[in-house]
Amino acid sequence: MRNFLTAVALAAFGASAALSQTALAQTVGFSQIGSESGWRAAETTLTKQQAEERGITLKFSDAQQKQENQIAAIRSFIAQGVDAILLAPVVATGWDSVLKEAKDAEIPVVLLDRQVDSDKSLYLTAVGSDLVHEGEVAGQWLVDHVAGKECRVVELQGTTGSSPAIDRKTGFEKAIAGHDNVKIVRSQTGDFTRAQGKEVMESFLQAEGRGQNICALYAHNDDMAVGAIQAIKEAGLKPGDDILVVSIDGVPDIFKAIAAGEANATVELTPNMAGPAFDALKAYMDDGTVPPKFIQTDSKLYTKADDPEGEYERRKNLGY
Amino acid sequence: MTVLRRIAPQLVTLAALVALVTLFFPDFLRIEVVDGRFVGPVMDIAKRGAQVGLLTVGMTLVVATRGIDLSVGTVMAISGAVAAWAITHDVSLAGTLALALTAGAAAGLWNGCLVALVGIQPIVATLILMTSGRGIAQLITEGRILTFSNEGLAFLGSGDLLGIPVPALIWFAAALAIALLMRRTALGLLVEAVGVNRSASALAGVNAAVLLVAVYVASGLCAGLAGIVSAADIRGADANNAGLWLELDAILAVVIGGNSLLGGRFSIAASLIGALIIQTIDTGILLAGFPSEYNLVIKAALVLVILVLQSPNLAHQWRTVGRAARRRREGVPLSAKAQGQ
């Protein structure tokens, strides 16, 4: 019926994309963790953009890193009778009762970026990235790039014990397993920060014959890579050339570095989790298509061949 | 000579630590000249130690007045953010530095007024800025890493002068200036007096309130300078992470330097060697190549050993043992030993 109306509307008013979507005007509540990092700011910006493009009214709530604020926001969304709820959960536990309230009110909930340990029946689906896969993509790029040549890799890990650090390490090691020419010779935490990335890279350079024995750097995030690139430059070497640089996240500054030839590759952790979420919601509401419980976003690899200047321009105003 | 005797335990500790690191990383003491610059782990320590070193200078003075400044790490984030904001808004380099240092001094003034005029305990007064100040820095950077490409500002973090890293020179110059100011005038004595007994020194005519405020302003200025160095180092202001937990390293450096947290006698030189000891531990762990899970455990164990060896009780026993041995060796009668103290 709705499709028919849409068709009528399209026929009557011409191919106006905006109008076709007002036919299923929706209100979606979005409970965001807060603004803990540039990536999350970009996620918020993109969610708002995606909602606007689809003619969805987005009710946005910033939880300032507190679960109780998120629970209060979800309850208020339920009271307002929204059509769906997006939730980026700050922690994994303690969501059972509020998710059940949403389920009882027949409001589908989609998790963004992070998972919860509640029963899977309590939410429609979760959109997120596979962190192990990201590490694999980075490792595979390096294996392909060195093409059988000896390569001693230094690794800048994320915060010790954090799940991105563990998973991105596992994925990379998986990808280089069986390629004896590529091996990790030094691995230390750089705490996901630029300053630590630079300091630890300086010590790697000292320890490995002023960097002469290092063929590549693998950093668990771009910020550490950006810091390390400065350390490499200050040691009188050419990052991207003397030492290959591959990292993960796809923040604007790494695209600048790739454009300048100082970094070689980055694996994007897309902040556009809302796009797939809205698609899944639309399919579910249009004809009841139940999405899988986990929708994995693309971990796209960017190198110098992928228009880094353009990617930088596209990202610089997202709030990173 | 008295200075040497005062810092001897710290120097011995540092030497022992260097020997230990050299065991794990034989090239530790090697310094080469590359492109007219001195390069080597020791130079890295001198450079990397700048941030904690600068904080330690201010912290030593604050601790000498029986206070503590928990806000210095946060003040670094604020001054770094101010510097990055100013330089990206076409303020001249001199103007940028002035603004960033003013921010640091203002933060110190706030702390000093809370402590000296309002009478709040230092740990509480500075805790306010420690917890809220990062928010101020985030407002300035809008929650992003505010990057800049000004070579003049970057020079302060990663440049070289006569082959020596600039941060090391800044650190050394600031420490020397404040140490001279304290010891070539009566200022140091007055600071110590206020630390030992504030009301007694006030009765003796010392303007304790003004002195206290001035000490916190000095600490804020040092933190401001450290913030500039840290932003210049990565060519950007990272409000979330700049100076994070460094106040604790600075307090630790003061303690390793043999200064009492109860105020009174202080030695900036000893504190600075304390800062060098901490940086040597940090860099040594990185060079030795242990898995990162062990970083903090190793650091904690080393700090524990150092503090236990320096503890007054143990020092007293060592002295007794040493004296007894000397007596036995030289047959000196008991009454002749007093000069040794």
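Student: In what order do the six strands of the open sheet in chain A run?
Tutor: The model is a predicted one. The pairing in this open sheet of chain A is mixed. Its edge strands, each pairing on one side only, are S7 (182-189) and S12 (301-303) of chain A. Read across the sheet, the order is S7-S6-S8-S9-S10-S12.

Student: In S7(A), which residue is the bridge partner of Glu155(A)?
Tutor: S6(A) and S7(A) pair in the parallel sense, over seven bridges. Strand S6 of chain A covers residues 151-157. For Glu155(A), the bridge partner in S7(A) is Ser187(A).

Student: What angle does the direction of helix H6 of chain A make with that of S9(A)?
Tutor: Helix H6 of chain A, residues 131-146, packs on the sheet. The strands of chain A that H6 touches are S6, S7, S8, S9 (244-249), S10 (265-268) and S12. Relative to the direction of S9(A), that of H6 makes an angle of about 160°.

Student: Which cysteine is joined to Cys151(A) by a disulfide?
Tutor: Over all chains, a search of the whole structure finds one disulfide. Cys151(A) lies in strand S6 of chain A, and its partner in the loop between helix H8 (194-207) and strand S8 (216-219) of chain A, so the pair ties together parts 64 residues apart in sequence. Both cysteines are buried. With an S to S distance of 1.9 Å, the partner is Cys215(A).

Student: Is the disulfide of Cys151(A) and Cys215(A) left-handed or right-handed?
Tutor: The handedness follows from the torsion about the S-S bond, which is about -85°. Because of that torsion, the disulfide is left-handed.

Student: What separates the C-alpha atoms of Asp27(B) and Pro41(B)?
Tutor: Asp27(B) sits in the loop between helix H1 (2-24) and strand S1 (32-34) of chain B. At 37% relative accessibility, Asp27(B) is partly exposed. Asp27(B) and Pro41(B) are 14 residues apart along the chain, and the separation of their C-alpha atoms is 8.2 Å.

Notes
Residues are numbered from 1 along each chain as its sequence is written. Chains are lettered from A and ligands numbered from 1 in the order in which they are written. This is a predicted model: local features need pLDDT of at least 70, side-chain atom pairs count only at pLDDT 80 or more; totals for chains, interfaces and linings use all residues. Side-chain values use heavy atoms; hydrogens and water are left out. A disulfide is a pair of cysteine sulfur atoms within 2.5 Å. Helices (H or I, at least four residues) and strands (E, at least two) are DSSP runs, numbered from the N terminus. Buried means under 20% relative accessible area, exposed over 50%, partly exposed in between (1.4 Å probe, protein chains only). Two strands pair if DSSP finds at least two bridges between them. Contact means heavy atoms within 4.5 Å. Axes are lines fitted to C-alpha atoms, for helices over the stretch in contact, and angles run from 0 to 180 degrees between N-to-C directions.
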